[in-house]
Every structure is written in C-alpha cells, then in structure tokens.
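Thank you all for making the time.

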Amino acid sequence: MHIKFKSHIHIMAKLISLRKGLDINISGSAPVNPPMNVSPALCAVVPDDYKGIVPKIDVKEGDEVLVGTPLFHDKQFYDIKVVSPVAGTVKAVVRGERRKLERIVIEPSAEADKCVTLDTKAGTDPTMVQRLLLDSGLWAMMRQRPYGIVPRPGVVARDIFITAFDSAPLAPEFEAFIADKVQMLDDAIKFLKPLTSGNIYIGIRPGSKLEALKNAEVVAFEGPHPAGNAGVQIANIKPVNKGEQVWTLDLPTLLRIGTLLSTGKLNYDTIVAVTGCKVSAPKYINTKAGADMASILAGNLAGNNGEHIRIISGNVLTGIPVSAEGFLRYPYYQVTVIPEGDDYSEFMGWASLSTDKMSVNHSFPGHFLKRAFCPDARLHGGRRAMIMSGVYEKVLPMDIMPEYLIKACIARNLDRMEQLGIYEIVPEDIALCEYVDPSKLELQKILQDGIDYVYNELS
C-alpha cells in the first residue's frame, strides 16, 4: 500500500494505492445511460438481510402500508425498525421452518410513493438524529464493525465510514447518478456527525466529484477489487481494535438520508444495474427496493431456449442466488445473470484448456487473454483439505493472515480469532479468497459462522 496526497483546486484528498486484489473481467456490463423506470409488480423485505436483528412482525396480510410503515422491529432493541419501501397492501407474510419469518411481500398501490410523515428537524442533538434514522428505517441500512450487524442504538461510533463506489464485478457506477446531488450528500454527512466521537470518512475513486465534500475526510482509493469494500477501506485508513465500534453505510443510503432532510419524505427508489452475459440488453433501471425479479428481468434474458441460468441478486462473488420469482435483496443494487453450467459438459471438464475458461492460474490460456469472459456457476474441481499456498494473501489488501484466521474459525478458537483480526473482517472481504481458493472451501460461510460464534460468546 502506498499513501500520498493528490491535490486538485483548493482540495486535497488522501490517495491510497492498493496493489493486492483482482478485477474479474466478466461480459455483460451495463452502459451508463439514463435508467429506465420499472414499476415492480411486488416488493419484498427479507429479515435475513438485516444481520443482528431478531424480527418481531408489526403487520399482517391485508394491511395497508405507506412508505416508511414499520414491517418488523428487533425483539431486543425495539426502536430498530425495518420499514416498507412502497405504499400498498401486505400480500403475504411468508414463514419457514419453526415459524421463521422469511419475507414480507407487498403489492404496490397506484400511489406507491405515498409515505409516512416524519419530523426532520433533528438539528445537532445526537438523540434526535438517532431517532429520525430509527423511525425512518434508515438506521437498519447501516452496519457496525465488528460483526457486520445493524448498529445498536445508544452507542457512539468511534468513526463512520461511507463507501462511495463499488469495485465488484459488473458493479453499478454510483458516480454517474449523483452529479447534481453533491450538496445534498454533504448535508447528510453533516447530519450524521453527532453520532460519532471521531471522523466521518468517505472512500472514493480518484477524480470523483465527491472530492468537493466539505464535511467528511475524503480518501481516494486506486487499485483492483476489493478496494470498494468498507472493510478494506477501514483497514487502510484506521483499523478496528477490540472494544471499538465503527459504522458503515453506502452512497445510496447516504443519498436517502439527504433526500429525507431536503424534502421531508422517504424515498426508497433504487437504481439497479442489470448485468451479466445472459442478459440480452444490460442496462440501468430505476425501481423500488426489494422489487421482484420478474419485473426487473422482463423480456431481458438472452438465449431463452431452455438453458439453465443462475439469477444472482448482487455480484458473482457475494450475491445471493434467487429464482425467477425471487426479489432484489438488500444491500445489493445489481442483478447478474450467468449460465448455471449444470446442463452441459466439456472434454476434460475443469482441466479443459479451452480459451473460454476464465482463470487466475498461469496454467490456463484464458489467463493471458485480455477480454471479457462468460463464466458459469460450476465449482470446477472438488473440495479438499486446505492447501497452505499463500494465494489468499495475494487478493486481500488487509493486514490479516486469512488462512490462519479461517483455521481458527473452523476450530472455534476464540483467542486466536481475536488475535488474527476477526473484528475487522466480514464475509464480503474474503470473497476473492474463496474465488481463487484451490481447495474450493466455502470461506465466506466459514467466516460468517466464526463471526456468529464470537458474537454469541461475547454478547
């Protein structure tokens, strides 16, 4: 890592250059054009997307809701609410095994933007700022490090980190849609300041319009993915130590806070990048949070001839596979469609030397081709014992030894997990390690299980 200062007209932003990481070149990126408006037939809110919340439902089927109407709250911290992104009717409350709340489905009405009334005159009082964020449901869109959970009310954050870009494969370009909203974003940052005893940092790409922000410490990151991850930015600015809490949020959440302050209304409109090599026309759409995939992908799947495809809410590294009847999951602003790969075979299987095969290994011809690939969802090899090859460190720009941390998670060795950085990292930070792993281990799941174990032991 190299740190230097990049100077523009009357503006100076710290520049951090990251060498570790990997940009995965996948075909099907969405051109940055004005987004097409798509009105969803249904929207859904999934409690599992809000880690740390044990949901207690506040609505029932048939209820009429507005934008901002609480759908459920946390059983322990009653003030933490997750609200409806649209006005309409609660169509279904879906429960799974042991009555677990799986999702709440809402059918939008003709007045889908009609919202609850909120008092936005919070000033600089931390209690009032926190109250507005809790009542609006925007609090549940922030995350706390350690553990990657929704922050607990009443706690003062050491620092707040805002990620203004996404470096994941085919990720949306947030910057293209905020040119006239810089002042609104700056006002939102100023509004958040009473919640921290330290600084508010915002991570941007060099040359971003957000270098003009006055109320945050602006840090520019150059380098490959995962440069856009909050965990990587925290680790390279001011790492989290035991006993400290920092909060993170993304640019769309900051924009929603700014919109609420400037208009007095909640807005859960969401710009989504529809991407992937099995999308016939990659594009941006403007829809609602939690929109149904049928509306998002209507008539836009390529080669609809019975080929098995995988629809991912999010990117190929960390996204959640959903069905064609599924929904856009939080915190993703992207849908990726790739081949499943289970309905065809090739000579020599995973060992094939086909130039269509994408690989980080120099043994495969595809490694040397500078073009976009169309990967499928196959494992390409079998799971085996962990190989201590040092390959994880090459793609993780954090001061962490991931191989030893994963072993400590498997062994449930709490002391070792603490020593090796469990408080600094969440599964998305280790997604590239999983991608390049020759052992085909489910590293994100192993790490999440380790984080859950530490949280349960210490809470």
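**Confidence first**

The mean pLDDT of the protein, pLDDT being the predictor's confidence in each residue from 0 to 100, is 92, and 92% of the residues reach 70 or more. Over residues 5–11, however, the pLDDT is below 50, although this stretch still has 13 contacts in the model beyond near neighbours in sequence, a contact meaning heavy atoms within 4.5 Å. Where pLDDT is low, the predicted coordinates should not be read in detail.

As to conventions, this is a predicted model, in which local features need a pLDDT of at least 70 and side-chain atom pairs count only at pLDDT 80 or more, while totals for chains, interfaces and linings use all residues. Residues are numbered from 1 along each chain as its sequence is written, and side-chain values use heavy atoms, with hydrogens and water left out.

**The nonpolar cores**

Let me turn to the interior. A nonpolar core is here a set of buried Ala, Val, Leu, Ile, Met, Phe, Trp, Tyr and Cys residues joined through side-chain atoms within 4.5 Å, where buried means under 20% relative accessible area, exposed over 50% and partly exposed in between, with a 1.4 Å probe and protein chains only. The largest such core has 66 residues, and of these L133, L192 and L210 touch the most other members. Its largest share, 6 residues, comes from helix α2, residues 182–192; helices (H or I, at least four residues) and strands (E, at least two) are DSSP runs, numbered from the N terminus. If we set aside neighbours within four places in sequence, L133 is in contact with L138, W139, M142, F191, L192, L195 and I257. Apart from this core lies another, of 48 residues, with I26, F221, A408 and A431 among them.

**The cysteines**

How many disulfides does a search of the whole structure find? The search finds 1, a disulfide being a pair of cysteine sulfur atoms within 2.5 Å. It joins C277 to C374, with 2.1 Å from S to S, and the link is right-handed, with 70° about the S-S bond. The two partners come from distant parts of the chain, 97 residues apart, C277 lying in the loop between β16 (269–275) and β17 (283–288) and C374 in the loop between β20 (334–339) and α6 (402–411). C277 is buried, at 18% relative accessible area, whereas C374 is partly exposed, at 34%.

**A sheet and a helix**

Among the strands, I would point to an open sheet of 4, with the order β4-β10-β9-β6 and antiparallel pairing, two strands being paired if DSSP finds at least two bridges between them. β4 (43–45) and β6 (64–65) stand at the edges with a single partner strand each, so one side of each is left without a neighbour in the sheet. β6 pairs with β9 (residues 88–95) in the antiparallel sense over 2 bridges, and E64 stands opposite T89 in β9. Helix α3, residues 230–237, is mostly covered, with 8 of its 8 residues buried.

**The aromatic pairs**

Finally, the aromatic rings. Rings of Phe, Tyr and Trp (its six-membered ring) pair if their centres lie within 6.5 Å, with planes under 30 degrees apart counted as stacked, over 60 as edge-to-face and the rest as tilted, and by this rule the count comes to 8 pairs. W139 and W247 form an edge-to-face pair, 5.1 Å centre to centre with 70° between the planes, and this pair links parts of the chain 108 residues apart, W139 in the loop between α1 (126–136) and β11 (143–145) and W247 in strand β15, residues 246–250. Both W139 and W247 are buried.

F174 and Y333 also form an edge-to-face pair, at 5.8 Å and 85°. F174 lies in the loop between β12 (159–163) and α2 and Y333 in the loop between β19 (320–322) and β20, so the pair ties together parts that are 159 residues apart in sequence. F174 is buried at 13% relative accessibility, as is Y333 at 8%. Y50, F72 and Y330, lastly, form one aromatic cluster.
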